[in-house]
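Visitor: Could you take me through how the strands and helices of this structure are arranged?

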Amino acid sequence: MKQQLRVGVIGCGAIGREHLRRLTDVVPETIVTGVADYFLPAAQSAAEMFHCTAFQTGEDLIASPDVDAVVVTSADPSHAAYVLEAIRHKKFVFCEKPLAQTAEECQQIIAAEQAAGKKLVQVGFMRRYDRGYMAMKHAISSNEIGAPLMIHAAHRNMSQAPGFETDYAVTRVAIHEIDICRWLLDDEYATAQVLGVRQSSRTSGEWLNPQIMMLTTRSGQRIDVEVQTDGAYAYDIQCHVVGEDGIVSLPDPISVTKRAAAAIHTPLMTDWKDRFIEAYDIEFQEWAKSLLNGAPTGPSAWDGYVACVTGDALIRSRQTGKPEDIVLPEKPEMYQ
């Protein structure tokens, strides 16, 4: 059994460099052997910083005999092609969300992985590795609050990069709630709906903000998610699961409380990377260990597909103004 995994990273932007640092400094089971980026100078700069090879293309990196596993952190539209190429080479691949831009591309990935005969793909839904969410999952699965009935959640952001669009509130923001609520409840979704609300004057662009997203599960549980993509007071993630016998809530990040000037001050976070830094660390530690043991154990290509189908239904609902059904095929045995 190998003791260390040789990893190549495609995409050397902000999240790519965060993961390069993580794979180098935090995960002893990995060594970064290559990087690639569509903007070659970015790859060359990262290669110099992390003492590895800069490849001309992501495809070259994937094909390299010096790369055992691939991490995809490039622009969203490129994800599916790189994942499929990694599967073609029968290499493990970690793909930041979303797995793909369309449900059809996700289905192609699932078919390719099944044809390869083993699980190779993990999707970057890091909240499953957050200690707060893990404690909530344990409370639910151990029946400490009785049967779960509903979830109230919120995802609040202070700002967005230029070019942000209304649909991104689903595909880049609420996609995390789509995955984590399904994981907490251990159920598939049945319907999706977006509700219009009064719009915030703090929004810096032309997109809709905020939005309320509603989901129901096949067993009848209801999830409401308040999504603020811009102009919020902080980066603030909330989640409350209501059960028959009690409630379990996501804890706020630990911070000191200051008493001064006749007031109590508790600082809130403003950066998503800081809020989930430990979850990212645990995610990659567990990913590397699982690969050294033969296969990834985290969120699968099926999970990425369900998130995409659910997101599509939410976007349709915003356009039609009514609830939309979420139709899924039978889950393949590989993902049971």
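Visitor: In what order do the six strands of the open sheet run, and which are the edge strands?
Guide: In this predicted model, strands and helices are DSSP runs numbered from the N terminus (E, at least two residues, for strands; H or I, at least four, for helices), and two strands pair if DSSP finds at least two bridges between them. Residues are numbered from 1 along each chain as its sequence is written, local features need pLDDT of at least 70, side-chain atom pairs count only at pLDDT 80 or more, and totals for chains, interfaces and linings use all residues. Side-chain values use heavy atoms, leaving out hydrogens and water. With parallel pairing, the order is β3-β2-β1-β4-β5-β6, and the strands that pair on one side only are β3 (53–54) and β6 (121–123).

Visitor: Which residue of β2 stands opposite leucine 5?
Guide: Strands β1 (residues 5–10) and β2 (residues 30–36) run parallel and share six bridges. Opposite leucine 5, the residue in β2 is threonine 30.

Visitor: At what angle does helix α4 run to β5?
Guide: Contact means heavy atoms within 4.5 Å, while axes are lines fitted to C-alpha atoms, for helices over the stretch in contact, with angles from 0 to 180 degrees between N-to-C directions. Helix α4 (residues 79–88) lies across β1, β4, β5 and β6, and its angle to β5 is about 165 degrees.

Visitor: Which residue of β10 stands opposite threonine 216?
Guide: An open sheet of seven strands, with mixed pairing, has the order β12-β11-β7-β10-β9-β8-β15. Within it, β9 (residues 211–217) and β10 (residues 222–228) run antiparallel, joined by six bridges, and opposite threonine 216 stands arginine 222.
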